[in-house]
Amino acid sequence: MKLLFVAARRFGRFAILLFVAPVVGLFAPWLSLLDANPILFAVSAVLMLPLSMIAVAMMVGTLFAGGQGSSATGISKAEAPGLWELWEDIAGAKRAKRTVIMISNELNAGVAIRRRLFGLRRARIYLFIGLPLLAVTDREALAAILAHEDAHLLNRDVNGCLNLAEFEATFAFVFAYAPPESTVSGSLLNMLLGWLAKPLAAENIRLSREAELKADRHAAQSGEAKESARALLLLGAADDYFDEAVFQPLKRELMGAAKPPKPPLQRLLSVASQLSDTELLQAHARKASAKPGEIDDEHPSCAERLAALGYDEIIHLDPVSEPALSKLVDQSVVQQMVVAFDDDWTMRVANSLQ
């Protein structure tokens with residue numbers, strides 16, 4: 001197992017050859033049975049044919065893994081001039097030119113890299129930013145968050161750069177074209193890989209946590225520790241408060257509901273301004289920093305991340321007076337996105353209630 005992960009981290013998708021080589025080694029002896037023992041050849045074909053198809057699919061998968069890309073265009077500079085200006089200041093003109101900024105409905109930010117044309121063209125950067133995140137941060141806090149994401153690019157530890165991620169994407173490619181529930185090849189591969197799923201997930205979590213702490217240490221070494229700590233606590237406090245004020249009530253409303261209740265994004269944005277109360281903000285920041293890390297969480301606990309930034313306890317938080325959402329993105333575009341996200345949520349809930 002350790003050898004497999006070492007190979008996957010070093011060679012990425014090409015580590016799949018460790019699976020293909022044994023099949024190739026069996027193929028020639030199996031073909032020789034056609035003359036030597038036709039009956040045994042026919043019987044063993046039940047196993048060899050699916051294995052051969054899997055091997056071919058894996059080899060094809062090495063070409064496409066991580067390189068499917070996306071046709072999404074993201075938010076334009078005209079729609080979010082302030083957001084683009086901030087990203088260009090932090091990432092520089094060259095990386096910004098390769099970036100697609102995607103807006104989500106989550107209290108989160110992230111960055112990913114997608115290869116294009118099997119790696120022959122320069123990779124494209126996808127920067128994901130949530131509307132709720134923009135609603136609870138100001139320009140300074142958002143700059144710290146974007147600097148954290150840029151540190152992932154500089155450290156080459158974002159998902160698209162991790163060789164282990166491309167190794168895993170090869171299997172995802174095979175399953176996309178040979179679903180385990182409807183094909184013999186896919187079900188056989190799924191059975192063979194059952195032993196690999198948990199260790200692979202655990203390794204991905206370990207690498208993700210390591211990458212987060214490394215980006216936090218980068219901020220500390222760059223003299224951005226205090227602003228990064230503030231941004232981390234703003235998000236932690238918002239997450240805790242949103243769970244209390246929005247998601248827990250919404251969960252209760254959904255129990256036995258005949259029709260979809262008021263969508264969550266509208267609720268989040270309507271209560272976000274309440275975090276301008278210093279005592280409320282500080283109280284939820286303390287609760288967030290005291291939460292232990294979950295065993296299956298890809299992010300370290302808030303306390304671990306604060307420690308990586310050089311803080312053993314939480315700092316005093318200055319509330320957000322001018323949210324980034326109201327300053328950096330065109331408000332008509334914001335309204336359109338809120339309606340689109342909430343309509344999608346309402347449709348999915350309505351279908352589940354039928």
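Predicted model: local features only at pLDDT ≥ 70, side-chain atom pairs only at ≥ 80, totals over all residues.
Residues are numbered from 1 along each chain as its sequence is written, and side-chain values use heavy atoms, without hydrogens or water. Local features need pLDDT of at least 70 and side-chain atom pairs count only at pLDDT 80 or more, whereas totals for chains, interfaces and linings use all residues.

With a salt bridge defined as a side-chain nitrogen of Lys or Arg within 4 Å of a carboxyl oxygen of Asp or Glu, the count is 13. One of these joins Asp 150 to Arg 95, with an N to O distance of 3.0 Å. Asp 150 belongs to helix H7 (residues 139-155) and Arg 95 to helix H5 (residues 93-97), so the pair ties together parts 55 residues apart in sequence. Helices here are DSSP runs of H or I of at least four residues, numbered from the N terminus. Asp 150 is buried, at 5% relative accessible area; buried means under 20%, exposed over 50% and partly exposed in between (1.4 Å probe, protein chains only).

A salt bridge also links Arg 305 and Asp 216, whose closest N and O atoms are 2.7 Å apart. Because Arg 305 lies in helix H14 (residues 302-308) and Asp 216 in helix H10 (residues 194-221), this pair ties together parts 89 residues apart in sequence. Both residues are buried, Arg 305 at 13% and Asp 216 at 3% relative accessibility.

Glu 253 pairs with Arg 267 in a salt bridge, the closest N and O atoms being 2.7 Å apart. Glu 253 is in helix H11 (residues 225-254) and Arg 267 in helix H12 (residues 264-271), so parts 14 residues apart in sequence are tied together. Glu 253 is partly exposed, at 37% relative accessibility, whereas Arg 267 is buried, at 12%.

Definitions and conventions: Helix = DSSP H or I, 4+ residues; strand = E, 2+ residues; numbered from the N terminus.
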